[in-house]
Amino acid sequence: MALDLAVGNAGWYLGERALRLGGGFVLTLWMARVLGPVDFGTYAYALAVVTLSTFCVSLAIESLVLRDLSQDPSDRRGVAGTYLIVRSLGSVGMLVVVAAYFLWIEPQDRQLLALALVMGLSGTAMALDVV
């Protein structure tokens, strides 16, 4: 019975991952076809910089939250509030760093800057993961 439950859960998980990866692949192919090489390259460049910056912001924060919650579950509101504040400030800092990077590397390309900042706003929304 427990094995059936585990196999069923694993099936749903693998199905969700396959659907997400397959859908992302198809969407990327469609975007590359619609945007063309130059605009898709601009999109990919902005996405790469924002993704690396977002990774640096979220580095090890989740593991610290899990550690703190496992040590003292009664303080979950304090831990969640601290996580929200740290993640929000990190996301805003990430937006500033991304803006400074593109202003320094590509000062004449305002479209690239705007694209990266819009993409970076998703990182600020990720701070609400704790809620």
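Residues are called buried under 20% relative accessible area, exposed over 50% and partly exposed in between, with a 1.4 Å probe and protein chains only. The model examined here is predicted, so local features need pLDDT of at least 70 and side-chain atom pairs count only at pLDDT 80 or more, while totals for chains, interfaces and linings use all residues. Numbering runs from 1 along each chain as its sequence is written, and side-chain values rest on heavy atoms, with hydrogens and water left out.

W30 sits in helix α1, where helices are DSSP runs of H or I with at least four residues, numbered from the N terminus. With a relative accessibility of 55%, W30 counts as exposed. L35, also a residue of helix α1, is partly exposed at 34%. Together with L27 and V34, these two residues make a nonpolar surface patch of about 410 Å². Areas come from the Shrake-Rupley method with a 1.4 Å probe, and for residues only the protein chains shown count as cover. Leaving out residues up to four places away in sequence, L35 touches F40 and Y43, contact being heavy atoms within 4.5 Å.

Attention now turns to helix α3. Its 30 residues, 76-105, reach 42 Å from first C-alpha to last, close to the expected 44 Å, which is 1.5 Å times one less than the number of residues. Buried positions in α3 include V79, Y83, R87, S91 and V98, and their cover includes α1 (2-57), α2 (61-71) and α4 (110-125). R87 is buried at 2% relative accessibility and, beyond four places in sequence, touches V57, S58, I61, E62, M126 and A127.

The largest nonpolar core has 12 residues: A46, V49, V50, V57, M94, V98, A99, F102, L112, L113, A116 and M119. Two or more residues each come from α1, α3 and α4. A nonpolar core is a set of buried Ala, Val, Leu, Ile, Met, Phe, Trp, Tyr and Cys residues joined through side-chain atoms within 4.5 Å. Within it, M94 touches V50, S53, T54, V57, G120 and G123, not counting residues up to four places away.

Methods:
Patches are made of residues with over 30% relative accessible area and no salt bridge: like charges are joined within 9 Å, nonpolar side chains (Val, Leu, Ile, Met, Phe, Trp, Tyr) within 5 Å. A salt bridge is a side-chain nitrogen of Lys or Arg within 4 Å of a carboxyl oxygen of Asp or Glu.
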